[in-house]
Amino acid sequence: MTRKIIIDTDPGQDDAVAILLALASPEDVDILGITAVAGNVPLDLTQKNARIVCELAGKPETRVFAGCDRPLRRDLVTAEYVHGKTGLDGPTLPDPTMPLQDQHAVDFIIETLRSETPGSVTLCPLGPLTNIATAFERAPDIVERVQEIVLMGGAYFEVGNVTPAAEFNIYVDPQAADIVFKSGTPLVVMPLDVTHKALVTKPRNDAFRALPGDVGHAVAEMTDFFERFDIHKYGSEGAPLHDPTVIAYLIRPDLFTGRHINVQIETQSELTMGMTVADWWGVTDHPPNATFIGDLDADGFFDLLTKRIARL
């Protein structure tokens, strides 16, 4: 069945590839809207970047909404040092001509969850969870109407990528993450533990570059830019494509393995702020609240990604 989804995002090159995968997969996902949030870069750029990606894919009819421009209770932390000053550095892409929707992203999320059949909409956050948490706080009745949240964020065995303990998306707004993880909504989490196994090696990037049309080449240029940071930091053979794992999971869940465990968010200690405390080994009696993914079939993942992007 086609899943109705809302993509909540802060593009970001890897966010862009996730959006492209979703736009190329209409038999699997029906994108009700894309909601932008401040994260990798400020909101004025994330909403613009989301529209740039839709136009790159030839899907200007996609509705894009601007959401929260700062975390719930902390100053905004951004990541231009990874993604470049625009958030989409790498390819040269034209400014979008498609409109930004007038409605606030949080209002769109609330309205959509109230109007669609209960249990029929999946939320796909690819950035900080500010928009989702704000919607849940403003309209508690929508929480039980969500089918599932499949998100990219957190880490356990891979520890942090922005502090020694925390992954970027959760660290930017840990209070929002705490609200979402405590909401009772079914959660699937793509932490660094799995995304760091989804590496864009040279042969995989060459496969993107060889695709006909502009989209594959743009993806290759995005990952060329994006990978310089991770190769220098980790000594890896390529950049991890974090966010597309969320969409790939909706299309091919058989590519992923994980455990249903308890995950809590640290919001008190500045030393470990934003840490996803994942009870992977079941050493507490805290009830499971999330499926925490630990591994993927990387070849199958990139095969899916390459074949679907070839459609655009």
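## Packing of helices H4 and H5

In this predicted model, helix H4 (residues 105-115) and helix H5 (residues 130-138) have axes that come within 9 Å and cross at roughly 60°, and the two helices are therefore oblique to each other. The crossing of H4 and H5 is right-handed. On the H4 side the contact is made by Ala105, Val106, Asp107, Ile109 and Ile110, while H5 contributes Asn131, Ile132, Thr134, Ala135 and Arg138.

Strand S12 spans residues 290-296, and because five of its seven residues are buried, the strand is largely enclosed by the rest of the structure.

Two strands that pair with S12 can be described here. Strand S6 (residues 187-190) runs in the parallel sense to S12, with two bridges between them, and within this part of the model Val189 has Phe292 of S12 as its bridge partner. Strand S9 (residues 256-261), by contrast, pairs with S12 in the antiparallel sense over six bridges, and here the bridge partner of Phe256 is Leu296 in S12.

## The two sides of helix H9

Helix H9 (residues 202-209) has Arg204, Asn205 and Phe208 as its buried residues. These residues cover an arc of only 95° around the axis, which puts them on the same side of H9. Lys202 and Pro203, on the other side of H9, are exposed.

The buried residues of H9 are covered by elements that include strand S7 (199-200), helix H10 (214-234) and helix H12 (298-309).

Methods: Residues are numbered from 1 along each chain as its sequence is written. This is a predicted model: local features need pLDDT of at least 70, side-chain atom pairs count only at pLDDT 80 or more; totals for chains, interfaces and linings use all residues. Side-chain values use heavy atoms; hydrogens and water are left out. Buried means under 20% relative accessible area, exposed over 50%, partly exposed in between (1.4 Å probe, protein chains only). Helices (H or I, at least four residues) and strands (E, at least two) are DSSP runs, numbered from the N terminus. The arc is that of the directions from the helix axis to the C-beta atoms. Contact means heavy atoms within 4.5 Å. Two strands pair if DSSP finds at least two bridges between them. Axes are lines fitted to C-alpha atoms, for helices over the stretch in contact, and angles run from 0 to 180 degrees between N-to-C directions. Angles under 35 degrees count as roughly parallel, over 145 as roughly antiparallel, 65 to 115 as roughly perpendicular and the rest as oblique. A crossing is left-handed if the near helix is turned anticlockwise from the far one by less than a right angle, and right-handed if clockwise.
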